[in-house]
Amino acid sequence: MMSKKLFASSARLLIRSSSTLHSKAAPAMMSQPASEMPECNHRPAAYNGPSYEQILATRKNHLTPNLVSHFKKPLVIHAGHMQWLYDHEGRRYLDMFGGIVTVSVGHCHPKVNQALTDQISRLWHTTNIYMHPKIHEYAERLTAKFPGNLKAVCFVNSGSEANDMAMLMARLHTGNQDILTFRNAYHGMSPYTMGLTAHSTWRYPLPGINNGIVHVMNPDPYQGIWGGAACRDSPVQTTHSCNCTPGSCEAGNAYYNELEQTFKYSLPRGKVAAMFAESIQGVGGTVQYPKGYLKRAADLVRANGGLFVADEVQTGFGRTGDHFWGFEGHDYTPDIVTMAKGIGNGFPLAAVVTTPEIAATLGLALHFNTYGGNPMASAVGISVLDIIEEEQLQRNSLEVGTYFLKCLEELQKRYELIGDVRGKGLMIGVELVNDRETRAPLAAPHMLDIWETCKDLGVLFGRGGLHGNVLRIKPPMCINRADAKFAVDVLGCAIANTLAKQK
Ligand SMILES: Cc1ncc(COP(=O)(O)O)c(C=O)c1O
């Protein structure tokens with residue numbers, strides 16, 4: 001239940017918000033957002049697939065129960081165009097989740113479509129036993145995006161596979177076994193990577209999952225025990241105070257000391273294989289670490305014989321705005337980088353990039369991946385890189401993302417249940433809480449009500465965090481300010497509606 005305290009202040013805020021958020025003559029209970037859904041000229045073909053009921057029945061009877069359906073009445077999405085999705089009844093939605101941070105340049109982007117069509121009519125597949133040109137062209141293009149000696153790439157098909165490969169390389173290269181990850185990390189669902197993932201909700205009770213894996217304290221400046229108003233690399237900070245000074249983050253130091261304790265007490269001295277870190281945690285709810293922390297952690301891992309692996313599955317390809325790779329914002333160069341999702345705009349494509357020395361370990365035995373870097377995947381990958389450059393999508397992420405974050409910060413001033421707004425570029429999180437002081441998660445029924453109303457008003461947000469109380473905003477990077485404003489107006493309206501119902 002929503003706490004009495006929050007409810008009282010929220011009710012006050014509702015009165016204020018209903019006059020400020022609604023320029024149109026709004027009914028007593030807010031029901032419409034302040035701005036209209038932006039126009040889109042695209043007209044999708046009419047839906048002519050199976051009936052809604054048939055789809056529901058097939059899903060229930062023939063697909064495995066691990067499939068999660070969003071919303072009380074799950075959507076049937078049959079068409080997409082750039083930042084827009086269309087359901088079977090012709091409704092249009094602004095997609096703020098991009099197929100879970102995957103549609104980087106836009107749904108059915110015409111240039112990606114063209115690249116794929118050209119490749120499909122020429123050659124689909126050979127495996128890499130023959131030297132088809134595309135994988136070579138793509139390897140040149142992708143590795144050129146990396147600093148230092150990160151020049152060897154291994155193509156695979158999913159983020160889990162990429163992290164599996166990085167674990168394998170790190171263990172073979174160092175001869176060590178132990179791998180560290182953060183609590184609240186998500187690195188995949190294969191049996192190997194499930195151990196890296198540190199959420200009870202994402203773990204099957206199987207023996208051996210945690211073999212050689214140590215989960216360390218998450219350096220989270222909002223929910224963690226240390227952190228305040230100057231710790232994050234974000235246009236929006238937490239509402240807690242802190243005594244950090246430029247160049248020295250108290251929270252970062254405290255979390256780093258914690259990490260050192262793990263090395264002192266839980267690991268074989270000088271003998272670790274690796275540490276993995278998402279550059280910003282994705283599934284965990286867009287959690288950012290204190291500035292400077294990852295760089296020091298990487299040094300500590302290396303001093304203990306290990307490699308540092310940057311998981312860029314969500315943060316790569318310009319999404320964070322200021323840099324092409326999320327790790328660059330932390331001012332360090334990893335030993336291995338894993339990537340998926342945005343790399344292929346929805347095509348099953350993923351990769352591991354490392355140094356030639358580390359990659360050499362794969363020569364110790366045969367290793368084979370049937371589809372990795374196949375001609376279609378490579379053609380898509382090249383065209384995604386072209387589009388990010390041609391359409392300046394990294395810059396767009398920065399500009400629209402910063403505007404988005406600032407609008408959300410304004411909304412936070414109106415609604416106490418917005419406990420935290422964070423992120424950078426178009427990698428944004430909005431944490432909804434029951435109580436700003438305790439930071440307890442907003443009760444699930446309220447959270448779901450807000451989320452559902454956003455959908456009804458035409459905006460699809462993701463959810464994340466252990467309690468599912470963080471709205472995840474990671475749209476295709478082609479969105480504009482009008483889209484961002486509409487999404488924020490819709491969220492404000494949905495919050496006001498939920499509060500009004502409680503009154
Ligand atoms: C940071 C991160 N790493 C790895 C993965 C696993 O990727 P996949 O689902 O393609 O196996 C995900 C998926 O959400 C992710 O967010």
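How many helices and strands are there in the protein? I counted 14 helices and 15 strands, taking helices (H or I, at least four residues) and strands (E, at least two) as DSSP runs numbered from the N terminus.

Before going further I noted that this is a predicted model, in which local features need pLDDT of at least 70 and side-chain atom pairs count only at pLDDT 80 or more, while totals for chains, interfaces and linings use all residues. Residues are numbered from 1 along each chain as its sequence is written.

**Entry: overall dimensions**

I looked up the radius of gyration, taken over C-alpha atoms, and found 23 Å, which agrees with the value near 23 Å for a compact globule of 503 residues; the globule rule is 2.2 Å times the number of residues to the power 0.38. Along the principal axes, the C-alpha atoms fill a box of roughly 70 × 60 × 45 Å. Buried residues make up 50% of the 503, where buried stands for 20 or more other C-beta atoms within 10 Å of a residue's own, exposed for 12 or fewer, and partly exposed for in between, with C-beta atoms placed from the backbone. Of the contacts between residues at least 6 apart in sequence, 74% join residues at least 24 apart; a contact here has the two C-beta atoms, placed from the backbone, within 7 Å.

**Entry: the two domains**

I took the bounds from an automatic or database domain assignment, which divides the protein into domain 1 (4–105 + 393–502) and domain 2 (159–307 + 321–339). Their C-alpha centres lie 28 Å apart, and 26 residues of domain 1 are in contact with 22 residues of domain 2. On the domain 1 side, the elements that give two or more residues are α12 (393–414), β11 (418–424), β12 (427–432) and β15 (470–473), and α12 gives the most, with eight residues. By class I read eight nonpolar, nine polar and nine charged residues on that side, with Ala, Val, Leu, Ile, Met, Phe, Trp, Tyr, Cys and Pro as nonpolar, Asp, Glu, Lys and Arg as charged, and the others, Gly among them, as polar.

**Entry: around the ligand**

Which residues come nearest to the ligand? Of the 15 residues around the ligand, they are Ser-158, Gly-159, Ser-160, Gly-188 and Val-313, a residue being near if its C-beta atom, placed from the backbone, lies within 6 Å. Helix α6 (residues 159–174) gives the most to this shell, with three residues, and the shell has five nonpolar, eight polar and two charged residues.

**Entry: helix α14**

Helix α14 (residues 481–502) has 22 residues and reaches 32 Å from its first C-alpha to its last, close to the 32 Å expected, the expectation being 1.5 Å times one less than the number of residues. I found α14 mostly covered, with 16 of its 22 residues buried.

**Entry: two single residues**

Is Ile-336 buried or exposed? Ile-336, in strand β9 (residues 336–339), is buried because 27 other C-beta atoms lie within 10 Å. Leaving aside neighbours within four places in sequence, Ile-336 has contacts that include Ala-166, Met-169, Leu-307 and Val-352.

Lys-295, in helix α9 (residues 293–303), is partly exposed, because 16 other C-beta atoms lie within 10 Å. Not counting residues up to four places away in sequence, Lys-295 touches His-330, Asp-331 and Tyr-332, whereas its C-alpha is 28 Å from that of Trp-202, 93 residues apart in sequence.
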